[in-house]
Amino acid sequence: MKTVCARIGEDIKQYGFAGVILLLYTVIVNLLFHAFCPSVILCGLPCPGCGLTRAAVCVMTGRWQQAWRLNPVIFPVVLTAVYFAWNRYLLGHRAKGLKWCMIVIAVLLIITYLVRMYLYFPDREPYVYTADNMLAQIYHLYRRIGHK
């Protein structure tokens, strides 16, 4: 158990600053825009990863069906994370094939996104249009200035 904690501590030392930056980004962006995703903030459209954070919370709380409804790719993401953690922290070596797992996840995210945008956009969470986005605000300002 000591070695597992030592490995986790090493990773926190090595990647802790990036974690702090991500946490600050999350807090600031949520306070300013009430959203996390840059795609939603900029253009109001969901991205291929939309719903993954909420789906992860659902998986951690045992709400499997709701996780699937939000974004079914959460299950390969969780399996990959468990595979990585098992290898890195318990066995103490690099997880082989992680690059391929990430490529498969990226492809699954894009396929899921395209199918669900076709089936559900803009009526079903998380595949909705957010009208209060930066491009809409800029366009609205541009039209106001242009008509004077």
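Start by selecting His34, which sits in the loop between H1 and helix H2 (38-43); helices here are DSSP runs of H or I with at least four residues, and strands are runs of E with at least two, numbered from the N terminus. This is a predicted model, where local features need pLDDT of at least 70, side-chain atom pairs count only at pLDDT 80 or more, and totals for chains, interfaces and linings use all residues. Residues are numbered from 1 along each chain as its sequence is written, and side-chain values use heavy atoms, with hydrogens and water left out.

Check the backbone of His34: phi is positive, about 55°, although the residue is not a glycine. Is His34 buried or exposed? His34 counts as exposed, at 70% relative accessibility (buried is under 20% relative accessible area, exposed over 50%, partly exposed in between, with a 1.4 Å probe and protein chains only).

H1 gives the most, with seven residues. Click on Met134 in helix H7; Met134 is partly exposed, at 35% relative accessible area.

Now go to the loop between helix H6 (98-120) and H7, where you will find Pro122. A cis peptide bond joins Phe121 to Pro122, with omega about 0°. Pro126 lies in the loop between H6 and H7, and the Glu125 to Pro126 bond is cis, with omega near 0°.

For the last stop, colour the aromatics: the structure holds four aromatic pairs. Phe84 and Tyr89 make an edge-to-face pair, 6.2 Å centre to centre with 85° between the planes (rings of Phe, Tyr and Trp, its six-membered ring, pair if their centres lie within 6.5 Å; planes under 30 degrees apart are stacked, over 60 edge-to-face and the rest tilted). Phe84 is partly exposed at 31%, while Tyr89 is buried at 18%. Finish with Trp64, Trp68 and Phe75, which ring pairs link into a cluster.
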